[in-house]
Amino acid sequence: MSDMTQTEAGTGKRVSEARGRLLRTAGQLFYAEGIHTVGVDRLVAEAKVTNATFYRHFRSKEDLAVAYIGSVDQAIRTQIGALMAADAPTDGILRGIGASLVEQIRSPGYRGCAFLNAAAEFPAPDHPVHRAVVQHREWFLQTITGLFAEITDASADYAGRHFVMLRDGAMSAGYLGDPVLAGETLLRGIEGLLRVHAARGLDEGAAPAPDAQAPSVATTAPDIECSPPSA
């Protein structure tokens, strides 16, 4: 079996052909069927490598799962980096990220966010797969928040969190419901968020109106649970 080296996309690192094939195979199977569902024997068979080759490159299936999450993370970093390097206006970059998400949501074989799916399979916060997911999300939030801050520093943290929540909701709705409607709702949400955020920049430093009222406290509906009842 050939073990020639090649360059890993998006990283510039030299990796063996066998490792790259294992990672591509894992990416397809883990995303389509779930990490826990796919065993090492199947990965080895479909990647056309030996068990010895597998364990030469990855200590365990979980080690491969971390590498899989890392490869998805790197692809997104590369994509956003290309948008940012294109000398587009900041709001255009944010719209471009939204358009890319819509394209993904509407693509054949889409089954939700790879990161949220992996976190659901590995809920323990100290698990390496879970940590890899959290690291990606922290980077994504910081990147989005930084873009909003380029428009105006006013409430950039809020806008960044809002964008990420729009993204999470759209990716889940696109898998469980109508992907076309989910994409349209995401783009409209981003447009509204950009409009409100830009207005905050224009209003920054303006004194509040004398009769401005404090925001009212939301009324909560009791006994609505979205998680299993406690034992």
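Start by selecting Cys-113, which is buried, with a relative accessible area of 3%; buried means under 20% relative accessible area, exposed over 50%, and partly exposed in between, with a 1.4 Å probe and protein chains only. Cys-113 sits in the loop between helix H5 (90-105) and helix H6 (114-121). Helices (H or I, at least four residues) and strands (E, at least two) are DSSP runs, numbered from the N terminus. Then draw a distance to Ser-172, 59 residues apart from Cys-113 along the chain; the two C-alpha atoms are separated by 7.1 Å.

This is a predicted model, in which local features need pLDDT of at least 70 and side-chain atom pairs count only at pLDDT 80 or more, while totals for chains, interfaces and linings use all residues. Residues are numbered from 1 along each chain as its sequence is written, and side-chain values use heavy atoms, with hydrogens and water left out.

**Helix H6**

Select Ala-114, Phe-115, Ala-118 and Ala-119, which are buried in H6. Viewed down the axis of H6, its buried residues fall within an arc of 130 degrees, so they line one face of the helix; the arc is that of the directions from the helix axis to the C-beta atoms. Now show what covers these buried residues, which includes H1, H4, helix H7 (128-151) and helix H8 (156-176).

**Thr-90**

Move to Thr-90 in helix H5. Thr-90 is buried, with a relative accessible area of 16%. Beyond its neighbours within four places in sequence, Thr-90 is in contact with Leu-147, Glu-150 and Ile-151.

**Helix H2**

Next select helix H2 (residues 40-47), where Val-40, Leu-43, Val-44 and Ala-47 are buried. Down the axis of H2, the buried residues fall within an arc of 95 degrees, so they line one face of the helix. An α-helix has 3.6 residues a turn, so residues three or four places apart point the same way. Asp-41 and Ala-45, on the other side of H2, are exposed. The buried residues of H2 pack against helix H1 (17-33), helix H3 (51-57) and H4. Just after H2, check Lys-48, which takes a positive phi of about 60 degrees.

**Lys-61**

Go on to Lys-61 in helix H4 (residues 61-85). A polar atom of the Lys-61 side chain does lie 2.8 Å from the backbone oxygen of Val-38. Among the residues in contact with Lys-61, leaving aside neighbours within four places in sequence, are Phe-30, His-36, Leu-43 and Phe-54.

**Whole chain**

Finally, colour by pLDDT, the predictor's confidence in each residue, from 0 to 100. The chain has a mean pLDDT of 87, and 81% of its residues reach 70 or more. Over residues 206-216 the pLDDT is below 50, and this stretch has zero contacts in the model beyond near neighbours in sequence. The secondary structure comes to nine helices and two strands.

Methods:
A polar contact is a pair of N or O atoms within 3.5 Å; within protein, one must be able to donate a hydrogen and the other to accept it, and residues adjacent in sequence count only if both atoms are side-chain atoms. Contact means heavy atoms within 4.5 Å.
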